[in-house]
Amino acid sequence: MRYGRFADGPEAGALRERLHAERPDLAAIDLNQMYTQLPDGTLIIGDSHSTATAPAPFQPEAAFTAFLAEAEALFDAPAPRVIERWQGVYAKGPQEFLIDRGDDGVLVLAATTGIGMTTGLGLAEENLAAAFGWAAAMEGTS
């Protein structure tokens with residue numbers, strides 16, 4: 001519901017209403033359930049999105065408690081043991097991407113809605129290919 005392509009869909013409104021009615025605690029911290037398991041079995045769990053002009057360096061423990069409780073319920077397993085925590089601070093803008101040609105031919109690219117991990121490589125490839133006349137890496141492969 002937080003990303004443009006999904007937020008604009010017809011189902012987003014109904015889902016947003018259901019989330020706020022059934023789980024206002026998760027809606028309040030903008031919980032975004034994501035799981036990545038590393039080869040050693042370690043599980044990366046995240047994330048939440050707080051928006052501020054000057055974000056505080058701290059997050060409420062309620063967000064971390066919610067992550068663990070949701071993982072416990074989803075996987076029907078004991079709450080994961082926390083090894084370390086990470087907090088990212090992201091640029092935010094009126095559009096999903098900042099694409100600008102700076103002085104001296106510098107190309108400036110940024111994902112400005114928290115979708116950099118999933119779109120960053122494609123954003124770079126597409127814009128570098130266009131800027132320098134390169135062929136896209138996946139073009140013509142089978």
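This report describes strands, helices, aromatic rings and a pocket in one predicted protein model.

Residues are numbered from 1 along each chain as its sequence is written. Because the model is predicted, local features need pLDDT of at least 70 and side-chain atom pairs count only at pLDDT 80 or more, totals for chains, interfaces and linings use all residues, and side-chain values use heavy atoms, with hydrogens and water left out.

Helices (H or I, at least four residues) and strands (E, at least two) are DSSP runs, numbered from the N terminus. Two strands pair if DSSP finds at least two bridges between them. Strand β1 (residues 34–37) pairs with strand β2 (residues 43–46) in the antiparallel sense, over four bridges. Within this pairing, Thr-36 has Ile-44 of β2 as its bridge partner. The two strands form a hairpin with five residues between them, and Gly-41 in the turn has a positive phi of about 95°.

A second hairpin is formed by β3 and β4, again with five residues between the strands. β3 and β4 run antiparallel and are joined by five bridges. Leu-98 stands opposite Ala-110 in β4.

Most residues other than glycine have a negative phi. Asp-104, in the loop between β3 and β4, has a positive phi near 60° although it is a residue other than glycine. Asp-104 is exposed, with a relative accessible area of 81%; in this report, buried means under 20% relative accessible area, exposed over 50%, and partly exposed in between (1.4 Å probe, protein chains only). Asp-76, which is not a glycine either, has a positive phi of about 50°. The place of Asp-76 is in the loop between α4 and β3, and Asp-76 is exposed, with a relative accessible area of 72%.

## Helix α5 and its packing

Which residues of α5 are buried? They are Leu-123, Asn-127 and Ala-129. These buried residues pack against β3 (97–101) and β4 (107–111). Asn-127 is found in helix α5 (residues 116–132) and is buried at a relative accessible area of 13%. Not counting residues up to four places away in sequence, Asn-127 touches Ile-99, Leu-107 and Leu-109, where contact means heavy atoms within 4.5 Å. After α5 comes Gly-133, whose phi is positive, near 70°.

## Aromatic rings

A pair of aromatic rings is described by the distance of the centres and the angle of the planes. Rings of Phe, Tyr and Trp (its six-membered ring) pair if their centres lie within 6.5 Å; planes under 30 degrees apart count as stacked, over 60 as edge-to-face and the rest as tilted. By this rule the count comes to three aromatic pairs.

Tyr-35 lies in strand β1 and Phe-75 in helix α4 (residues 61–75), so their pair ties together parts that are 40 residues apart in sequence. Tyr-35 counts as partly exposed at 24% relative accessibility, and Phe-75 counts as partly exposed at 43%.

Phe-64 and Phe-67 are separated by about one helical turn, because they are three residues apart in helix α4. Phe-64 counts as buried at 14% relative accessibility, and Phe-67 is buried with a relative accessible area of 6%.

A charge sits over a ring if NZ of Lys or CZ of Arg is within 6 Å of the ring centre and within 35 degrees of the ring normal. Arg-85 lies over the face of Phe-64, at 4.2 Å from the ring centre. Arg-101 lies over the face of Phe-132, at 5.9 Å from the ring centre.

## Leu-68 in helix α4

Leu-68 is found in helix α4 and is buried, with a relative accessible area of 19%. Leaving aside neighbours within four places in sequence, Leu-68 is in contact with Ile-45, Pro-80 and Val-82. Leu-68 and Pro-57 are eleven residues apart in sequence and 21 Å apart in space, C-alpha to C-alpha.

## The largest pocket

On a 1 Å grid over the protein atoms alone, a pocket is an open set of points where a 1.4 Å probe fits, with protein on both sides within 12 Å along at least five of seven lines; lining residues have an atom within 4 Å of a point. The largest pocket is lined by 46 residues, of which Ile-45, Gly-46, Asp-47, Ser-48 and Trp-86 lie nearest its centre. β2 supplies the largest share of this lining, four residues.
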